[in-house]
Amino acid sequence: MTDTFRFFDTIHACPVCGGPILPVLEKPDINRCEHCKLYFRNPRPQQTEIARSYDSGTTYAQWQGQEKSRAAMWERRAALIQKYMPQGKLLDVGTGDGRFLVTCRELGYDVSGTEVSRAGAQYAVSAGFDVRLGQFSDLAFDERSFDIITMWPVLEHVPDPGRVFRNAYSLLRVSGILMLAVRNE
């Protein structure tokens, strides 16, 4: 997917703490903050580019062809959530085509999602889910309204991870949990 990006943003300070950036540590574009030690892409694809790449139609078509393996992945992730929070209201940030919402709804969770891709949001909405289109940190939700927030590889795509964490914290109930994964490529 990264081969399709045309427009990038170069950042000059850490996207979490504002600290100084060390030179490229891993080629071609992985930097690290000198203070908080966060690793991040620099330059990074613009947010409009990320949404455009998912809206191209190829990502979701490919996912549909991988239904069996993807379903098993979602079931493993849902089982992990059940271990810590066997029921409740779940928000899946970056829900894509909504397949994880299907799994969680079948387990009895009250589910909704967010998605930056219009194509992904349409898939999920057509399956009967409440999915809000836009950047997670820009969408309005009631404070302390979720028991679980999930982000399955999402965090590596956001321009301000600190803002995402602060937003998630404000939306989680006191005993709520945040579950996430990032790519290891």
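Helix α2 (residues 58-65) packs against α5 with the axes 9 Å apart and at an angle of about 40°; axes are lines fitted to C-alpha atoms, for helices over the stretch in contact, and angles run from 0 to 180 degrees between N-to-C directions. Helix α2 is therefore oblique to α5, since angles under 35 degrees count as roughly parallel, over 145 as roughly antiparallel, 65 to 115 as roughly perpendicular and the rest as oblique. Tyr60, Ala61 and Gln64 of α2 meet Ala119, Gly120 and Tyr123 of α5, contact meaning heavy atoms within 4.5 Å.

This is a predicted model, in which local features need pLDDT of at least 70 and side-chain atom pairs count only at pLDDT 80 or more, while totals for chains, interfaces and linings use all residues. Residues are numbered from 1 along each chain as its sequence is written, and side-chain values use heavy atoms, with hydrogens and water left out.

The largest nonpolar core has 20 residues, and Ile81, Phe100 and Trp152 are among those with the most contacts inside it. Such a core is a set of buried Ala, Val, Leu, Ile, Met, Phe, Trp, Tyr and Cys residues joined through side-chain atoms within 4.5 Å, where buried means under 20% relative accessible area (1.4 Å probe, protein chains only). Helices α3 (67-84), α4 (99-106) and α5 (118-126) and strand β10 (172-180) each give two or more residues to this core; α4 gives the most, with four. Helices (H or I, at least four residues) and strands (E, at least two) are DSSP runs, numbered from the N terminus. Tryptophan 152 touches residues including Trp74, Ile81, Phe100 and Met179.

Conventions. Buried < 20%, exposed > 50% of the residue type's maximum accessible area, 1.4 Å probe, protein only. Lists of a residue's contacts leave out its neighbours within four places in sequence.
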